[in-house]
Amino acid sequence: MEASVRIIEKLENGDLKTIDERAWSQAMFTMMEQANFLLIGGKEYEMIEGRLDVENEKLEVLVIPVKKDSE
């Protein structure tokens, strides 16, 4: 079974930007239960919250970028 997941970055100014959208397998959902951070395109994000969009049948995950010490 697969389900559509949209990863949304919360920008510093408060705006929201979709950075990834794809079908996830049950295995991906199982792994997500153990994780607090995601790597997308070589960039690390902290997962803040999730929202189920029932009408569009998507799970939306809100993330913020992880600041590196050198930034």
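Visitor: Which residue in strand 5 is the bridge partner of Tyr-45?

Guide: In this predicted model, the bridge partner of Tyr-45 in strand 5 is Pro-65. That pairing belongs to strand 4 (residues 43–53) and strand 5, which run antiparallel and are joined by eight bridges. The two strands form a hairpin with four residues between them, and Glu-57 in the turn has a positive phi of about 55°.

Visitor: How many bridges join strand 1 to strand 5, and do the two run parallel or antiparallel?

Guide: Strand 1 (residues 2–10) is joined to strand 5 by six bridges, and the two run parallel; Ile-8, for instance, has Leu-62 in strand 5 as its bridge partner.

Visitor: Why is strand 5 largely enclosed by the rest of the structure?

Guide: Six of the eight residues of strand 5 (residues 58–65) are buried, so the strand is largely enclosed by the rest of the structure.

Visitor: With which residues does Glu-60 form salt bridges?

Guide: Side chains of opposite charge can pair when their charged atoms come close. Here Glu-60 forms a salt bridge with Arg-6, the closest N and O atoms being 2.8 Å apart. Glu-60 lies in strand 5 and Arg-6 in strand 1, so this pair ties together parts that are 54 residues apart in sequence. Glu-60 also forms a salt bridge with Arg-51, where the closest N and O atoms are 2.5 Å apart.

Visitor: Are Glu-60 and Arg-51 buried or exposed?

Guide: Glu-60 counts as buried at 6% relative accessibility, whereas Arg-51 is exposed, with a relative accessible area of 53%. Salt bridges that share partners join Arg-6, Glu-21, Arg-51, Lys-58 and Glu-60 into one network.

Terms used
Residues numbered from 1 in each chain as written. Predicted model: local features only at pLDDT ≥ 70, side-chain atom pairs only at ≥ 80, totals over all residues. Heavy atoms only, no water. Buried < 20%, exposed > 50% of the residue type's maximum accessible area, 1.4 Å probe, protein only. Pairing = 2+ DSSP bridges. Salt bridge = Lys/Arg side-chain N within 4 Å of Asp/Glu carboxyl O.
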